[in-house]
Every structure is written in C-alpha cells, then in structure tokens.
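Let's take a friendly walk through this structure, with the sequence and the 3D view side by side.

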There are 2 protein chains.
Amino acid sequence: MHKEVIEEMIPYFREQYGNPSSIHKYGRFARMAIQNARKRIASLINADDVEILLTSGGTESNNTVFYGIAHQNRGKHIITSSIEHDAVLEPCKRLEAEGFQVTYLPVDKYSLVNPEDIEKEISSDTCLISIMFANNEVGTIQPIKEIGEIADEKKVTFHTDAVQAIGKIPIDVKELKVDLLSLSSHKMNGPKGVGALYIRKGVKIDPLILGGGQENGLRSGTENVASIIGFGKACQLAKDNMIQNQEHVRKLGKKLVFEILKEIPYTTLNGHSEKRIPNNVHFTFLGANGEDLIIKLDENGIAASTGSACSVRVQKASHVLKAMGFSHEQITGSLRLTLGVLNTEKEIDETVKVLKKVVKELRAVSPYKEKYNF
Amino acid sequence: MHKEVIEEMIPYFREQYGNPSSIHKYGRFARMAIQNARKRIASLINADDVEILLTSGGTESNNTVFYGIAHQNRGKHIITSSIEHDAVLEPCKRLEAEGFQVTYLPVDKYSLVNPEDIEKEISSDTCLISIMFANNEVGTIQPIKEIGEIADEKKVTFHTDAVQAIGKIPIDVKELKVDLLSLSSHKMNGPKGVGALYIRKGVKIDPLILGGGQENGLRSGTENVASIIGFGKACQLAKDNMIQNQEHVRKLGKKLVFEILKEIPYTTLNGHSEKRIPNNVHFTFLGANGEDLIIKLDENGIAASTGSACSVRVQKASHVLKAMGFSHEQITGSLRLTLGVLNTEKEIDETVKVLKKVVKELRAVSPYKEKYNF
C-alpha cells in the first residue's frame, strides 16, 4: 500500500469513528469523507460520483452484476469469454443452473476475444455482455471500445471486469461505452476489502446484499469508512501519477522481457506483445515446472505466481492458458511476474539473475531434459 | 476502535501485504495470520475455527444465511420476529417475493418473543428460525437458549443475529444450540467492513458470493487481511476483559437510567429492565421529539441516535417500537444512548445534565405542553 494511503486512513480508525448513517457530527463527518472518496474513485474512470457503488471488492462487484442484471427480466442469455476470472465464471455457472444460457467465447493464441464473435452471438434474449478489461494471468487487454460500440448499437448491457487494468492504464467509461465496470482497491496500492462497481446512469440493477439501505439501497451494511477513504486516495494517486507510473513500469517490464528472452533459452512471452497491461509479464519456461519455480524464487526473495492467486488453492490447470491453446507442458511451465510502481531496475537485474539460475537447476532434473537437450 | 486493535492491523498495511492465496512467503504469512484471527473469533463464542466464515460484516452474514439456507430445498417456511434488523427483514421480503412464506412473530411490550409462539408455528416446511440475540434499538435480550432447544428438538436450523450482543455478554454457541450466528467487528471496537458467520459443523449452506473459492468456497474474494486481524484482536480483548467491561458498562448504564428517571419527569425506560445488553439504554421523553433531541445533544458534544443508524436515512417510524405497541407520541419521543467501555462516570453526569436541559427546552415549545402541563 502507498504510504499516503495508510496515512489518510488512520484518522478514521482513531478519531473519526462515526457511522455515516448517524446524524450527529461524527456521522456527518464520515458521510462527507465517503462522498469525497467517491468523487476520487469516479474521477479515475471519468464517471460521475452517483455512478459509483461501493462494495467489499472486485468479486462482490462482479457478483452484484450477475445477480443484479439476471433478476431484471431483460432476457436469459449472457455472453462472456472463456478467459474470465472465476468471479465472473462462477456466477455464470450459477445462472446456467437457474436456466440461463451462457455463451463462453473462445480467444486466440494471444488471449484476445474477437468482437465480431460477440456481434454474431447477440440475440433478442441477450441481457448482458461481460468481457474482462485485462486478463489477470497473461495481461492481454481486450478490445473494450469495439465491444462497447457493438453493445451500445445492439442495446445490450455491457460489463467489464477492470480489476486488473484499473490504475494501470487510462480508462474512460464514457469513451468506452461501458455500462458496468468492476474495480478493486488492493490492485492499485489501496487497502484490501474494498472495491466499487461503476453503474452508468439509467442502468437498472438489483442489490445483492439487502438491509439498512446504504448506497441508495443498492448495497446494505455499515460503510467500511477507513478503507473507502484509502481506496479514494489510491485512485487519486493513480490518476495523478498515471503517466509517470506507466512509463516507469513499462520500462521495467520491457527490460525484464528483453533480458529473460535473451538469457534463458526455450522461453516464450505469453499474451499479446503490445496489447497488455504494463505491470504484467507471463512466460513459459519449457521443461521447468511453474510451481517449483515459485518455490525456488521465493527462497531467493522473489514473490511470483503461476496464474491467478485466487485459484492456487485448488491446483487446477489454468483455464486461461487452456483457452489459448497451450499444451499441458506449456501450462505447467508457466510463470507470472507482476511489477509495481515501487519496483526498481536493480530488482529486475536480480530477478533475471535468479530466474536464469533456478530455471537451469530445474531443467537439469526435468523429465523433458532429453527432449530439448538442455 | 481499541488502540491495540489499530496497532495490530498496521503491519498488514505496511509490510505484510501478501495475498493469503499466494504460495510465496508473503502469502503464507497472511494465511497464518488469518488462521490465528479466526481462532480468536471462534474462541469468543466457543466455536471451532473451522466453523467461522469471514464476511464483510453483519449485513453480509445475515444475507448469506437467507440466501444460503433458502436454496438448500429444505422447505419454504421461515420463522422470524417483527423486531429484527432490516438486514434480516429485507432478505425475508425478497424470499417472500420468491414464493417463501415468512412468519413475523409479535413481541410483548418489552420487545420479547415468546418461545411458545415459535413452537406453534413450526411446520414440516419450516427451513429456518431467525431470531436476533439482542435488539439494536431497545437492547432486549431474547430467550435464545429456549429457542435453541425448540429448534434442536424440531430439527429446524436456528440462526441468531448477534451483532448487538457479541462482545457485550458471554455467548456460547454450543450451550445455546445455535446453528448460525452473525457477528460484526465494528460493534466491539474492531474495524468496520469485516464480520463473520458462525456455521455449526454439519449445517449446509450455499455461498452468496462466488469466485476464486476463498473460505472453502463459501465466500469468494481476496481476504480483507488487516481488518480480519483487527477483528481477531477485538474478539480477544472482548473475551479477556468481558467481566470487567460488563461490570463497568453496567454500572454506568444503571447510573444513567437512575439519574435520568430521577431528574427528568414523564420519562420511561424502554425494553426489558433486566434482560438487556448492558451498553444500551433507550428512553421515551414524552413531549420531546427524538430527532430534535439528537441535534441538541450533538450541539453539546453528545452523540446519540433515535433508533437504528441504518434507518435514519429514510426517516420512517421505528418498526421495533411499533411492534412493542408504542403510540406515535411515544415513538417520536424516543432516544437511544449507547455506552462503550471507554465511557466514564463523568460523561454520564454530563449527559444527564445536558439531557435535563435540552428536554426542558424542547418541552417548553412542545405541542404536548398543555397535555402534561410541563
């Protein structure tokens, strides 16, 4: 988390502990602070503050979309992609069990959805299109603007899970013709446990969580004041420093890709080479197991991941890489490295050095050793 | 919030920012810390740690119960009371719209539910009994043990919204034969935005929020690590200091009630005189408007509430006081004062002095002035 974010949150633990629904001064202060944070969140995506619904995170935002749109009787057909996060795929599966029809669009080898496929699949029964902004594993950015135009023309509600992209690249909901957009605070150096859903004015949605009627009845429960303040600050910092941050991270990312491809043979960069969020790099090191790589990197002080952190628990092969047509060998040899604004060039050098060493160690005992003559 | 709670949270903002699902050391550290917090939460109510589901707060816990039990096909009849929090009543209304039958039991003038009424209403179609532990407006503690015995005998799942009672009085889920119990962190000097649902081993429930499969698939979304740690610490402090805290708050409460009834005529204490949580006092000051009282108290540095903070926004007359048989005049003249462990005797003296003065001022211009000859 950014230091400034933590500093801005702490007074809301210590002195400003009011419940925003209370009418006394502690309540009024908390209410005003939330409104200020809401403005900062809205500003990051060029939305109006009344279009920002505060939630407990990206997963709740996504669930709100599927629950909230499905019960509006607009139709029973949903179009999504085969490379969405489980926070989209699992609600889709639930709706299928309830009688909805869900189209899971294929992707190409770069993980890109084809907007023409969407256009073809839209029927009079289609109530929702949900395509993620940037993929959480391989980092590919989808053609959101093209999809937004199709959805707008066909009058179908369009949702994008922008959790991975937000704060990393400029996003303008008006320009992109997006109706619903999910955001998460902790993906942009804000606190965990808070997120938002952008709901374009005029889009009707049912609440997922009912009760005291907070958030205009769309999300009940006492507001998570301090975290919302922190989220607001993180959005402001992301907006103010977008260009410098992007430049810094992109430079580090390019260096990392260049050095790894130069130093380590039998290695490929996955996802699209240009259409990708600057903070994500994703490789396949043939003959080296990704899980083993993570453990060896961890021993050397480098925190990495194979795919989505959210699915390591179940140890299943990545559905994203499968959809991209990867073989079992390619999938098991994959590694995701994510950069932050606080990373340095020195850390990149160190990472390349360590990776080169550990990939070599693993390949020396690999079942694929003879195949490649490592 | 307790100072110790804030101190225990801060490292999870600064250094220990890992995602508990990650396999690297930052992830493992966060995962272990959450397990430790879970044990502390469980310990407060004599549950096992595997029985604690972490949520974003009491409202989500309650919503999880209604969504999660309703879709288990055990029956379509629910028994609850007419004085529940909106976080129970609103999910009930949604289920009614979906074809469920909900029995809203009446209460007596003290706000007490009669366990015999519950027994009478149970049918083979009853899938859930949900009765709050202590009322959020008048503080009355319900006969949870008696209800638990009935539910156990009749094999009906029993939920209690214990948000108001938790940390204030000892609660033992095993002794009380409760199946599901909702907790909230911020009601016990912990952070906002985090809560839990106790789910007794063997009770099947569907998840409300789907995705990456955190919390054994019962609540997806990256865990709100720092807040969970704070919640755990708040539970540990509540447990360790239960007796002293109870004694301190009860003493202050008794003094407040005694002085107010002595100093201010035409005043009644609402709710049960003995069966109440120690931190809540609730009065009717005939001829004085509760909303005006709050504003005048606020001007004098005293933060109070009429009923539930969660419903002030809509300015509706309290459904709790209505169910207790209060007249319109009694309802509008009502005020809730809530005490905390950090309140002092001096603050009680000051509150009584201020209340006496402002009630007198309001009664001097009251439409009921002549009726009572104030």
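## Where the two chains meet

Buried area is the accessible area, taken with a 1.4 Å probe, that two parts lose on being put together, summed over both. Please keep in mind that this is a predicted model. Between chain B and chain A, the buried area comes to about 4800 Å², and carbon and sulfur atoms give 58% of it. The contact involves 55 residues of chain B and 55 residues of chain A. On the chain B side, the residues that lose the most area to chain A are Phe13(B), Lys192(B) and Leu210(B); together they give 15% of what that side buries.

## Salt bridges between and within chains

Side chains of opposite charge can pair when their charged atoms come close. Over all chains, the structure holds 40 salt bridges, and two salt bridges are counted between chain B and chain A. Asp298(B) and Arg28(A) form a salt bridge through their side chains, at 2.9 Å from N to O.

Chain A also has a pair of its own to look at: the side chains of Lys177(A) and Asp152(A) meet in a salt bridge at 3.8 Å, N to O. Lys177(A) sits in the loop between helix H8 (173-176) and strand E6 (180-184) of chain A, while Asp152(A) belongs to helix H7 (residues 144-154) of chain A, so this pair ties together parts that are 25 residues apart in sequence.

## A helix pair in chain A

How do helices H4 and H5 of chain A cross? The axes of H4 (residues 58-70) and H5 (residues 86-97) come within 9 Å and cross at roughly 25°. That angle makes H4(A) roughly parallel to H5(A), and their crossing is right-handed.

From H4(A), the contact uses Thr59(A), Asn62(A), Asn63(A), Phe66(A) and Ala70(A). H5(A) brings Ala87(A), Val88(A), Pro91(A), Cys92(A) and Leu95(A). By type, the residues of this contact are seven nonpolar, three polar and no charged.

## A helix pair in chain B

In chain B, the axes of helix H10 (residues 242-263) and helix H14 (residues 345-364) come within 10 Å and cross at roughly 25°. H10(B) and H14(B) are therefore roughly parallel to each other, with a right-handed crossing.

Which residues of the two helices meet? H10(B) contributes Lys251(B), Leu252(B), Lys255(B), Leu256(B), Glu259(B), Ile260(B) and Glu263(B). Their partners in H14(B) are Glu345(B), Ile348(B), Asp349(B), Thr351(B), Val352(B), Leu355(B) and Lys356(B). The residues of the contact of H10(B) with H14(B) comprise six nonpolar, one polar and seven charged.

Methods
Residues are numbered from 1 along each chain as its sequence is written. Chains are lettered from A and ligands numbered from 1 in the order in which they are written. This is a predicted model: local features need pLDDT of at least 70, side-chain atom pairs count only at pLDDT 80 or more; totals for chains, interfaces and linings use all residues. Side-chain values use heavy atoms; hydrogens and water are left out. Axes are lines fitted to C-alpha atoms, for helices over the stretch in contact, and angles run from 0 to 180 degrees between N-to-C directions. Helices (H or I, at least four residues) and strands (E, at least two) are DSSP runs, numbered from the N terminus. Angles under 35 degrees count as roughly parallel, over 145 as roughly antiparallel, 65 to 115 as roughly perpendicular and the rest as oblique. A crossing is left-handed if the near helix is turned anticlockwise from the far one by less than a right angle, and right-handed if clockwise. Contact means heavy atoms within 4.5 Å. Ala, Val, Leu, Ile, Met, Phe, Trp, Tyr, Cys and Pro count as nonpolar, Asp, Glu, Lys and Arg as charged, and the others, Gly among them, as polar. A salt bridge is a side-chain nitrogen of Lys or Arg within 4 Å of a carboxyl oxygen of Asp or Glu.
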